[in-house]
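The following exercises are to be worked with the sequence and the structure at hand. Each task is followed by a stepwise solution.

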Amino acid sequence: MITERAETKIHIEDVSYAYGDNEALRHVTLDIPARAITVLFGPAGGGKTTVLRLINRLNDLVENTTRLGKVYLGGEDIYAPGVDLPALRRRVGMVFALPLPLPGTIYENVIYGPRLAGERNAARLDEIVERSLTQAALWDEVRDRLHASAYALSGGQQQRLCIARSLALEPEVLLLDEPTSGLDPISTAKVEQSLYELKQQYTIVLVPHSIQQAGRVADYAAFFLMGELVETGPGRQMFTAPQRKQTQDYITGRFG
Amino acid sequence: MSRYRMQRLGFGLLTAMALIVVLPILAVVGIVVVRGIGAINWEFLTAMPREGMTAGGIMPAIVGTLLLTLGTALAAIPVGVGGAIYLAEYARDTWLTRAIRLAIVNLAGVPSVVYGLFGLSLFVLFLNMGTSILAGSLTLAIMTLPIIISTAEEALRAVPVEFRTVSESLGGTRWQGIRNVVLPQALPGIITGMILGLLRAAGETAPILFTVAAFYLPRLPRSPFDQTMALPYHLFVISTQVPGMPSEIQYGTALVLLALVLSLNVVATIMRRHFRKRRQW
């Protein structure tokens with residue numbers, strides 16, 4: 001239980017975001033603490049994925065969007081002009097809802113990011129592969145077949161591979177958008193277990209695929225409804241005694 | 001007639017239609033093979049023509065066609081594949097992009113003899129290249145561009161967009177994603193398109209008529225500014241301009257050209273099937 005004021009890793013200040021005419025976020029201000037799991041939850045269309053994509057600027061390529069407000073990573077404004085986007089994305093990794101291995105071997109998938117960043121030393125790459133796969137709780141299962149196709153893995157293993165892939169860059173932040181939605185309960189448990197260990201080193205922001213998952217993993221939680229941030233608080237408190245009625249209604253299943 | 005009978009009749013008719021499609025190609029290949037196979041021997045394929053081309057070989061025409069195909073490839077592939085990458089990966093929907101696409105569609109519709117005349121005025125006369133392999137290759141290249149661009153673009157678009165997103169989320173720039181993931185995955189389709197475009201260029205007569213083809217050259221071409229003989233034009237010439245030409249030589253020439261083009265076609269089809277099966281996504 002975190003009692004002292006944790007360091008803020010990401011500060012989102014009064015952000016409003018729209019896709020064309022569709023307002024996805026309205027005046028959202030949110031602090032994400034370092035080395036903890038912050039869960040963004042709420043019904044579909046609430047803006048949770050948009051918040052994630054704001055943090056690594058993956059939405060930059062989408063046409064016809066408007067953004068107001070600022071986002072700070074470790075104190076730096078990530079939307080300042082001249083910010084190096086590839087470098088930002090190496091600091092902020094993202095895992096998507098569907099496992100998306102790149103065509104190639106397991107080994108090639110994990111070293112993709114480091115290789116693009118310029119790492120060529122074979123020994124270092126081997127180290128990176130072992131470290132990342134271990135952190136993603138996949139090393140023992142694939143250590144003997146690193147040069148097999150990534151598509152030969154099961155769904156759960158592929159998703160852990162995607163986590164390993166992001167970790168290979170040693171990011172500061174890991175963003176996960178419903179990472180276990182395609183997975184069976186055992187794989188889900190393995191992924192959640194690795195998150196518990198990862199949070200000691202990384203800042204994790206997670207959109208859960210169920211309320212129960214949110215309850216299991218959250219150190220902090222933020223409830224989003226229709227683009228607005230309704231409430232934030234420590235995980236245990238949010239899911240047992242939330243302060244706002246809307247939060248309470250959603251958690252108890254009054255609406256979804 | 002019962003409905004069941006009518007269905008049988010319908011399917012029978014459709015099957016017959018499909019079989020009819022096969023007949024022309026069998027007829028073409030059959031006739032050319034039967035009438036031309038007698039002329040095929042080592043001398044035919046490697047010697048120069050003699051006695052007013054009624055005897056000897058067609059080697060300079062074979063070499064000429066290969067050189068022209070090579071020249072077309074060198075000119076059309078960089079522009080075509082580069083253009084396709086731009087259109088598929090970078091271009092946004094502006095009036096300029098739409099104009100480019102319109103231009104490509106129209107290029108595909110220009111009759112080949114018009115290309116010949118165009119090549120004559122621009123490359124042979126205005127740019128002073130003379131009738132040359134260079135002029136012929138450039139003309140053929142422009143003619144082949146639409147095929148190469150559209151098949152390459154299609155191959156690039158077939159690669160799931162998610163790969164690009166993943167590459168970007170791992171710190172890759174746009175170009176790194178294209179170079180490391182998209183392009184390798186699209187390569188089989190791009191290459192197939194290239195082969196299909198080139199084999200069309202190899203078989204065309206009209207564009208080379210005014211720009212490169214020589215009626216008879218006693219030697220092989222020495223430079224890109226030289227003229228050359230070429231199989232399609234050679235076939236036209238010996239079938240219409242030379243009195244007393246043994247028909248076996250005409251059909252033999254046709255057989256060589258057909259063999260060249262069809263075997264490239266088969267290679268392209270096999271490649272396409274092979275890579276589609278191997279594809280993991």
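**Exercise 1. A helix of chain B**

In this predicted model, H5(B) bends by about 30° at Gly119(B). Determine which residues of H5(B) are buried, and against which helices of chain B they pack.

Solution. Helix H5 of chain B comprises 15 residues, 112-126, and at 1.5 Å a residue it should span 21 Å; its end C-alpha atoms are 20 Å apart, which agrees.

Step 1: apply the burial criterion, namely 20 or more other C-beta atoms within 10 Å of the residue's own. The buried residues of H5(B) are Tyr115(B), Gly116(B), Gly119(B), Phe123(B) and Val124(B).

Step 2: identify the partners. These buried residues pack against helix H6 (133-158) and helix H9 (206-209) of chain B.

Step 3: inspect what follows. After H5(B) comes Asn128(B), with a positive phi near 60°.

**Exercise 2. The side of chain A that touches chain B**

State how many residues of each chain are in contact, and which helix of chain A gives the most.

Solution. Step 1: count the contacts. In chain A 17 residues are in contact with 14 residues of chain B.

Step 1: assign them to helices. Helix H2 (85-91) and helix H3 (106-117) of chain A each supply at least two residues of this side; H3(A) gives the most, with four residues.

Step 2: classify. The side of chain A that touches chain B has eleven nonpolar, three polar and three charged residues.

Methods. Residues are numbered from 1 along each chain as its sequence is written. Chains are lettered from A and ligands numbered from 1 in the order in which they are written. This is a predicted model: local features need pLDDT of at least 70, side-chain atom pairs count only at pLDDT 80 or more; totals for chains, interfaces and linings use all residues. Two residues are in contact if their C-beta atoms, placed from the backbone, lie within 7 Å. Ala, Val, Leu, Ile, Met, Phe, Trp, Tyr, Cys and Pro count as nonpolar, Asp, Glu, Lys and Arg as charged, and the others, Gly among them, as polar. The expected span of a helix is 1.5 Å times one less than its number of residues. The bend at a residue is the angle between axes fitted to the seven residues ending there and the seven starting there. A residue is buried if 20 or more other C-beta atoms lie within 10 Å of its own, exposed if 12 or fewer, and partly exposed in between; C-beta atoms are placed from the backbone.
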